[in-house]
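Work through the exercises below with the sequence and the coordinates open. Each task is followed by a solution in steps.

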Amino acid sequence: MFRMRALVTMKIGPYQLDNQLIVAPMAGVTDLPFRRLCRRLGAGLAVSEMLSSNPLVWKTEKSMSRMDHSGESGIRSVQIAGCEPELMAQAARFNVERGAQIIDINMGCPAKKINKKLAGSALLRHPDLVSQILNAVVAAVEVPVTLKIRTGWDPDSRNGVDIARIAEQSGIAALAVHGRTRQCMYKGEAEYDTIAAIKAAISIPVIANGDIDSPEKARQVLDKTGVDALMIGRPAQGRPWIFREIAHYLETGQHLAPPPQAERQALMQEHLEALHDFYGDERGMRIARKHVGWYLDHQQQPELRRQFNQLDSAAAQRDALAGFFVQFDS
């Protein structure tokens with residue numbers, strides 16, 4: 001039987017989160033429009049897209065948009081990635097100067113193009129370098145520094161507990177752990193035993209990530225691991241209201257009714273307009289295809305997704321989206 005629980009929150013350094021639900025940083029996904037939407041729909045914190053520590057790319061259009069926090073509510077957490085301690089420290093200072101209140105270090109990305117540069121989860125094979133990077137970044141800024149990792153490089157070398165201890169010793173303020181190794185990529189199911197072992201081994205806040213796609217799963221992961229917070233990534237794509245659904249369930253044990261069709265339509269249209277405004281019509285149109293596609297996947301509308309992806313202007317996207325909902329209602 002469910003027992004009423006007080007709303008749980010956590011702190012990262014001096015910052016008190018609204019709740020224990022965090023939007024995972026996802027390259028090409030957690031831009032400013034998406035973070036704003038998730039925050040409004042119940043997330044306690046939204047971490048920005050990964051930024052390279054290479055200063056040569058900071059002035060590119062992509063990097064400039066990822067550094068944009070204009071009008072962003074709540075705590076501004078910025079993720080950086082790289083493998084050279086001094087460049088990572090420099091990137092941390094640069095982003096703090098631009099308004100970052102938390103610096104998050106990426107040691108969990110499994111992408112080949114990141115790993116071949118010895119960044120992301122590739123660093124898990126080099127604990128000494130991990131220590132050097134963490135110490136350099138923590139010393140470089142006065143804001144809290146957090147870290148995101150996987151459980152290890154492959155199932156035969158799950159060294160997440162060792163990396164977690166290094167993180168704590170280096171002054172990391174909170175640790176997020178995805179329940180897969182790098183070799184696993186996103187295949188199979190996330191495992192939480194390693195996350196539970198990490199939580200038991202260190203005293204800093206630990207955040208569980210991986211396959212948290214329902215209110216029941218959120219409760220299960222919290223109970224199994226004892227972590228302080230949950231990080232949600234792919235399950236929020238096309239379903240940003242998952243945060244309020246989980247928050248409601250964790251607090252009351254009751255399921256929140258799914259958003260009615262009218263609200264879904266309003267949220268999709270709002271998100272589409274925000275993407276066009278943020279990126280401009282041409283780039284916004286391209287980026288909108290994946291976001292609207294995820295919404296349509298949840299509506300079980302593959303044919304409408306195919307039609308939307310063929311549109312070649314922002315105006316056509318706006319008109320088509322309005323027309324789609326006429327079909328939903330018919």
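**Exercise 1. Cysteines**

Task: State how many disulfides this predicted model has, and examine Cys-38 and Cys-109 one by one.

Solution. 
- Step 1. A disulfide is a covalent bond between the sulfur atoms of two cysteines. The cut-off applied to a pair of sulfur atoms is 2.5 Å.
- Step 2. With that cut-off the count is zero disulfides.
- Step 3. For Cys-38, the nearest cysteine sulfur belongs to Cys-109 and lies 19 Å away, and Cys-38 is in no disulfide. Cys-38 is also buried, at a relative accessible area of 0%.
- Step 4. For Cys-109, the closest cysteine sulfur is that of Cys-83, at 13 Å, which is too far for a bond.

**Exercise 2. An annotated position**

Task: Place Cys-109 in the fold, find its contacts, and say what UniProt lists for it.

Solution. 
- Step 1. Cys-109 sits in the loop between β6 and α4.
- Step 2. Its relative accessibility is 15%. Because buried means under 20%, Cys-109 counts as buried.
- Step 3. Leaving aside neighbours within four places in sequence, Cys-109 contacts Met-50, Ile-114, Asn-115, Gly-120 and Ser-121.
- Step 4. An unreviewed UniProt entry lists Cys-109 under "active site". UniProt, again in an unreviewed entry, lists residues 23-321 as "domain: DUS-like FMN-binding".
- Step 5. Over residues 23-321 the chain is 47% helix and 13% strand, with the end C-alpha atoms 26 Å apart.

**Exercise 3. A helix pair**

Task: Describe how α1 and α10 cross, and sort the residues of their contact by type.

Solution. 
- Step 1. Two packed helices are described by the angle between their axes and the distance between the axes.
- Step 2. The axes of α1 (residues 32-40) and α10 (residues 261-279) come within 9 Å and cross at roughly 150°. The crossing is right-handed.
- Step 3. From α1, the contact uses Leu-32, Pro-33, Phe-34, Leu-37 and Arg-40. From α10, it uses Leu-267, Glu-270, His-271, Ala-274, Leu-275 and Phe-278.
- Step 4. By type, the residues of this contact are eight nonpolar, one polar and two charged.

**Exercise 4. The buried side of a helix**

Task: Which residues of α9 are buried, and which elements do they pack against?

Solution. 
- Step 1. In α9 (residues 242-252), the buried residues are Ile-242, Phe-243, Glu-245, Ile-246, Ala-247, Tyr-249 and Leu-250.
- Step 2. An α-helix has 3.6 residues a turn, so residues three or four places apart point the same way.
- Step 3. The buried residues of α9 pack against β3 (21-23), α1, α8 (215-225) and β10 (229-232).
- Step 4. Just after α9, Gly-253 has a positive phi of about 80°.

Notes
Residues are numbered from 1 along each chain as its sequence is written. This is a predicted model: local features need pLDDT of at least 70, side-chain atom pairs count only at pLDDT 80 or more; totals for chains, interfaces and linings use all residues. Side-chain values use heavy atoms; hydrogens and water are left out. UniProt positions are given in the numbering used here, feature names are shortened, and annotations may be inferred rather than shown by experiment. Helices (H or I, at least four residues) and strands (E, at least two) are DSSP runs, numbered from the N terminus. Buried means under 20% relative accessible area, exposed over 50%, partly exposed in between (1.4 Å probe, protein chains only). Axes are lines fitted to C-alpha atoms, for helices over the stretch in contact, and angles run from 0 to 180 degrees between N-to-C directions. A crossing is left-handed if the near helix is turned anticlockwise from the far one by less than a right angle, and right-handed if clockwise. Contact means heavy atoms within 4.5 Å. Ala, Val, Leu, Ile, Met, Phe, Trp, Tyr, Cys and Pro count as nonpolar, Asp, Glu, Lys and Arg as charged, and the others, Gly among them, as polar.
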